[in-house]
Amino acid sequence: MMTPRSSTAAGRRRLALVTGATGYIGGQVILALAEQGWRVRALVRSAAKATASPWAHLIATDEASGRVQLYEGDAESEEDLDRALTGVDTAWYLLHSMSEDEDFVSVEVAMAKRFAACAQRARLSRIIYLGGLHPHIPTGELSDHLRSRVEVGQAFLDCAVPAACLQAGLVIGAQSSSFIMLRHLSERLPGAIGPKWLRNRISPIGIDDAVHYLTAAADLPGEVNRAFDIGGPEDFAYAGMMQEYAKATGLLPRFIGTAPVTTPRLAAHWIGLVTPISASLARPLIGSLTHDTVLTERDLDDLVGPPPGGHTSFADAVAAATKGVDTRRWLRTATATGSAVAIAATIASLATRPATRWYRGLTQPSFAPPPAAFGIVWPALYAAIGWVGSLSLADLAERGQESELRSYRRALGLNLVLNATWSATFFRARKLKLATAHAAALAVSSADLVRRSGWVSPQKAVVLSPYAAWTAFACALSGALARGNA
């Protein structure tokens, strides 16, 4: 192993390079390092994106200011890496791909090896990498995303610069993608039957504990070159974490059952439907849950010490992560939207009179469904409107997209008004041509609602699309009735 460049020059504050700086964990590491007195250099692809980060107030315009230096560059470019690593003591490699490309593992490993070679040329004291907890089985049996974490860590351990490869499970923090998924599944599903990986055990870790270990690892002795497990004081099954989340936030108990199947792709689409997490991001997150991911040692505690105050419990980590977060938003949104849909359904039902002599005397087109079909189809469609409408409104509110939220609310309100009043136009007023125009307006409104829901997530559009199809069919049926009974 190479002899690292000295980082103890007289009076000189250590210089850190943080990659993945605009990510949640990278941002927390930068804040902690700055507080600890480090000079920090952030390698970012977009300086504009960095100005919206939680550490934007620390960005310096020159090195003399001793705050955070922005280096705009690409981690796949050796030239950019050599420039960013010049003069650096310790580097934090916090880059993770959430790609589904077939070769993403080899791409990630190649990036890590390139970074390691540049770090060796710059004579760094240490590389610190955050990977994932994983079972001790052949890497070929791991999910692709866990395998990539293992192989990237090994690339750093094999290089000449001492490395500390920290392996964590689910990180509990306000902007952690894995926690956001857990939070919304727990809040929005009072009960569920899911894949068997919901019973796999996990060692979650609070964000403050994770940042403690990531920053403290910089002070490891130079001869230490190894992986370390890091985690909180408890292990849970994923289903157990959902139940513990509900308990920690004062929600009603959750019932979670499992089925003896594992369908990561289907589960990812389900998560894309019921949470603000996209299916493309959910799939790699699920990939890390298909095995038990529990820590097997706490050796890092012996070398750098545990977090101040001890390991943070799951309940305390959830309390910190949800401070200032509206954990009741979904309940209010679902109640209000469901009530509006129920009112529309009731009004439409009261105005519908298929048993009248007038209606029975109409000449029906050949494609008219039997009257019983309407009693089967409409309840299912109203349920879809309420479910997708609630999810879309809640997701837009969570994202802070106020303009889109208002537009969606107006579009849903208009749709429900058209839906509720069509029966009165047809059965009460008996104006067939006007009812056809009314049905056409409802069909256009329904298609627009599907479009808006698809903008929130494609899965929501899929669930709501039968409603648009049915209203288009109802428009065609109304038109045929108007022509046949002119």
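Let me begin with a term: by a contact I mean heavy atoms within 4.5 Å, and helices (H or I, at least four residues) and strands (E, at least two) are DSSP runs, numbered from the N terminus. The structure above is a predicted model, in which local features need pLDDT of at least 70 and side-chain atom pairs count only at pLDDT 80 or more, while totals for chains, interfaces and linings use all residues. Residues are numbered from 1 along each chain as its sequence is written, and side-chain values use heavy atoms, with hydrogens and water left out.

First, the overall picture. The protein has 18 helices and 13 strands, and its C-alpha atoms fill a box of roughly 100 × 45 × 40 Å when that box is taken along the principal axes. Of the 486 residues, 52% are buried, where buried means under 20% relative accessible area, exposed means over 50%, and partly exposed is in between, using a 1.4 Å probe and protein chains only. If we take the contacts between residues at least 6 apart in sequence, 81% of them join residues at least 24 apart.

Now to a helix and its cover. In helix α9, which spans residues 264–274, the buried residues are A267, A268, I271, G272, L273 and V274. What lies over these buried residues of α9? The cover includes α6 (177–188), α10 (279–287), α15 and α18 (458–484).

Helix α15 (residues 371–399) packs with helix α17 (residues 432–456) at an angle of about 45 degrees, their axes being 10 Å apart; the axes here are lines fitted to C-alpha atoms, for helices over the stretch in contact, and angles run from 0 to 180 degrees between N-to-C directions. The two helices α15 and α17 are therefore oblique to each other, given that angles under 35 degrees count as roughly parallel, over 145 as roughly antiparallel, 65 to 115 as roughly perpendicular and the rest as oblique. The crossing of α15 past α17 is left-handed, a label that applies if the near helix is turned anticlockwise from the far one by less than a right angle, with right-handed used if it is turned clockwise. On the α15 side the contact is made by V388, S392, D395, L396 and R399, and on the α17 side by S453, W455 and V456. These residues divide into 4 nonpolar, 2 polar and 2 charged, where Ala, Val, Leu, Ile, Met, Phe, Trp, Tyr, Cys and Pro count as nonpolar, Asp, Glu, Lys and Arg as charged, and the others, Gly among them, as polar.

There is another pair to set beside it. Helix α8 (residues 238–248) and helix α12 (residues 314–321) pack at an angle of about 60 degrees, with 10 Å between their axes, and α8 passes α12 in a right-handed crossing. Here M241, E244, Y245 and A248 of α8 meet F314, A315 and V318 of α12, a set that divides into 6 nonpolar, no polar and 1 charged.

Let me turn to single residues. A32 sits in helix α1 (residues 24–35) and is buried, with a relative accessible area of 14%. Leaving out residues up to four places away in sequence, A32 touches V211 and T215, while the C-alpha atoms of A32 and P204, 172 residues apart along the chain, are separated by 21 Å.

S143 is in the loop between β5 (126–132) and α5 (144–157), and at 14% relative accessibility S143 counts as buried. Which residues does S143 contact, leaving aside its neighbours within four places in sequence? They are G287, S288, T290 and H291.

Next, the backbone. R123, in the loop between α4 (104–121) and β5, has a phi near 55 degrees, a positive value in a residue other than glycine, and R123 is partly exposed at 39% relative accessible area. R430, in the loop between α16 (402–428) and α17, likewise has a positive phi, near 60 degrees, and R430 is partly exposed at 42%.

Finally, the cysteines. A search of the whole structure finds 0 disulfides, a disulfide being a pair of cysteine sulfur atoms within 2.5 Å. For C159, the nearest cysteine sulfur is that of C165, 8.7 Å away; C159 is buried at 13% relative accessible area, and C165 is buried at 3%.
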